[in-house]
Amino acid sequence: MSLYRDEGVVLRTRKLGEADRIVTLLTRRTGLVRAVGKGVRRTKSRFGARLEPFNHVDLQLYTGRTLDVITQAETLRAYGEDIVTDYPRYTAATAMLETAEKIVSVEKDPALRQFLLLIGALRTLGEDAHDPRLVLDAYLLRSLAVAGYAPALHECARCGSRGEHRAFAVHAGGMVCTVCRPHGATTPAAESTRLMSALLGGDWPAADASEYRHRNECSGLVAAYLQWHLENGIRSLRLVERS
């Protein structure tokens, strides 16, 4: 039996047998981990409530044949306490967790930058200092950038010519010039693409000052771009769009 310790964010859980759960976590050192929490659904479980989505936990696990097993869990920060009572923040956070699992995808492949990005986004949501949709879009853009899929915003995605181009093509990789513009490209408002740039670069004063219609258009572009680069769509984004 090989014991190890790590800290992670609980992304999701599902039932296993009568009393156990399979817990999916994004951890600081190990990456994506799926582990069994034995007996956590029993009312007398020592740490069942700690292994809930949005929680940041310190863990001890041992390596199993197919799934690792959680032997200890201590709460470092229960982000869910600040999030689950507010529908816009809850749906944004749910989309973040789903994205984190799909964008990392390979189990036990260290993804420290993705872990830190998720922790920061959940903390920002909990503080309620910005519109939840802005926080979500900032997280999605930065997560894509860390994974190597940053959209081209200040140069043509095809020829590399710099400038404030008007067309955005999801399948081309971002903004495109008039010469390279492919069929199916859209023409968003300049303010919407500047908002994407502000969110990607962490310019919160500019993002917070943006208009509602530009936030909506920006969210649509980000969602389309994200789902183009992932094999499976992010189902929880549909809930965010209704909020």
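These legends walk you through several views of one predicted protein model.

Residues are numbered from 1 along each chain as its sequence is written. In this predicted model, local features need pLDDT of at least 70, side-chain atom pairs count only at pLDDT 80 or more, totals for chains, interfaces and linings use all residues, and side-chain values use heavy atoms, leaving out hydrogens and water.

View 1. Along its principal axes, the C-alpha trace spans about 65 × 35 × 25 Å.

**View 2. Buried residues make up 51% of the 243 residues.** Here, buried means under 20% relative accessible area, with a 1.4 Å probe and protein chains only.

**View 3. The largest nonpolar core holds 50 residues.** Such a core is a set of buried Ala, Val, Leu, Ile, Met, Phe, Trp, Tyr and Cys residues joined through side-chain atoms within 4.5 Å. Met96, Leu118, Leu122 and Leu199 touch the most other members. Among the elements that give two or more residues to this core are strand 1 (3-16), helix 2 (87-104) and helix 3 (112-127).

**View 4. Zoom in on leucine 199 and its partners.** Leaving aside neighbours within four places in sequence, leucine 199 is in contact with Leu134, Asp137, Ala138, Leu141, Arg142, Trp204, Ala207 and Cys218. Contact means heavy atoms within 4.5 Å.

**View 5. A second, separate core has 14 residues.** Look for Val10, Val33, Leu51 and Val57, which are included in this core.

How values were computed: Helix = DSSP H or I, 4+ residues; strand = E, 2+ residues; numbered from the N terminus.
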